[in-house]
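This report is meant for a reader who is meeting the structure for the first time. It begins with the chain as a whole and then turns to its parts.

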Amino acid sequence: MKKLTIVCELLHFKPRIWRRFEISDENSIQDLMDTIMAMFDMYGSHLYHLALPTKLNEFTRANRDERGKLTKNIPPKLFLSSLNIKPNMTKSRLNIGGFEMDNNFQDEFVDDYESYDDGFNIYDINNYELDENGNLNFKGPKRKKIKKKDPLDSLKTLKLQSGDRMYFYYDYGDSWEIKLEVEKIETRKKSENSLVPKILRGRGAGIIEDIGGTYGLEMVIEDDPDFKIFDKEMAQEFINEIFMDELDDDFFL
């Protein structure tokens with residue numbers, strides 16, 4: 001069993017809001033998404049997904065020196081290709097009420113998102129076609145058919161390596177974006193067999209639901225400096241609560 005140390009931060013916002021935490025590779029992908037939401041004060045009440053930029057990670061793996069520093073700039077087009085992993089919202093640990101959704105909800109939600117191929121470019125003539133009247137219309141890039149990833153699969157199925165990135169998107173109206181980077185992967189000790197994620201450090205408060213994204217959050221933080229404080233103990237207590245079924249017996253001694 002391995003444990004991953006991951007650093008994640010809220011993008012497009014200053015001062016920096018970030019978390020460092022550990023999670024077992026035996027945890028599910030859904031567990032990872034639930035952990036992110038718990039650490040950043042997200043209630044799981046909006047649509048969300050995890051994006052794995054496979055091409056970008058392949059590039060960075062091949063272009064790091066012995067210290068782990070990149071030796072080449074990342075081509076911008078690599079950010080346009082991702083494996084998007086949709087949640088199973090009925091199995092989320094944040095679905096505390098156990099709400100059931102329409103049987104078609106999960107399939108329709110998953111089908112709403114597809115990854116574009118690497119050739120996506122709005123200026124590419126191949127993305128246009130002439131209609132019968134001679135008008136040039138944008139038809140969009142070709143879509144690759146990809147194998148969908150089950151969010152209930154374990155993290156080990158992602159085959160992550162140190163330095164790999166992921167991106168978590170939450171509330172497509174407010175457009176919250178969390179960048180994750182795998183800092184290290186190491187073997188878990190027998191005394192560390194819990195599947196409860198552990199927060200190591202962090203800085204800055206989480207988001208505020210339905211506030212209008214980072215712009216609205218900036219206005220609140222300007223008026224109330226208390227929102228800059230990250231209460232690690234309270235955040236860990238909440239994670240312990242939603243992962244209650246995974247806590248070791250020793251936790252209660």
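Predicted model: local features only at pLDDT ≥ 70, side-chain atom pairs only at ≥ 80, totals over all residues.

The chain has 253 residues, of which 43% are buried.

The secondary structure comprises five helices and nine strands, and from the N terminus on the elements follow the order β-β-α-β-α-β-α-β-β-β-β-β-α-α. Seven strands form an open sheet with antiparallel pairing, arranged in the order S4-S3-S7-S8-S1-S2-S9. Strands S4 and S9 stand at the edges with a single partner strand each, so one side of each is left without a neighbour in the sheet. From one strand to the next, the twist averages 25°.

| Strand | Residues |
|---|---|
| S1 | residues 2–10 |
| S2 | residues 18–24 |
| S3 | residues 48–52 |
| S4 | residues 83–85 |
| S7 | residues 165–170 |
| S8 | residues 176–187 |
| S9 | residues 198–203 |

Within this sheet, strands S1 and S2 run antiparallel and are joined by seven bridges; Thr 5 stands opposite Glu 22 in S2.

Two helices can be described in relation to these strands. Helix H1, which spans residues 29–39, lies across S1, S2, S3, S4, S7, S8 and S9, and runs at about 115° to S3. Helix H2 covers residues 54–62, and there Leu 56, Asn 57, Phe 59 and Thr 60 are buried. Seen down the axis of H2, the buried residues fall within an arc of 160°, so they line one face of the helix. The buried residues of H2 pack against S3 and S7.

Is Ser 92 buried or exposed? Ser 92 is placed in the loop between S4 and helix H3, the latter covering 105–111. Its relative accessible area is 8%, and because buried means under 20%, Ser 92 counts as buried. Leaving aside residues up to four places away in sequence, Ser 92 touches Gln 30, Asp 34, Met 37 and Tyr 48.

Methods: Residues numbered from 1 in each chain as written. Heavy atoms only, no water. Pairing = 2+ DSSP bridges. Helix = DSSP H or I, 4+ residues; strand = E, 2+ residues; numbered from the N terminus. Axes fitted to C-alpha atoms, helices over the stretch in contact; angles between N-to-C directions. Contact = heavy atoms within 4.5 Å. Buried < 20%, exposed > 50% of the residue type's maximum accessible area, 1.4 Å probe, protein only. Arc of directions from axis to C-beta.
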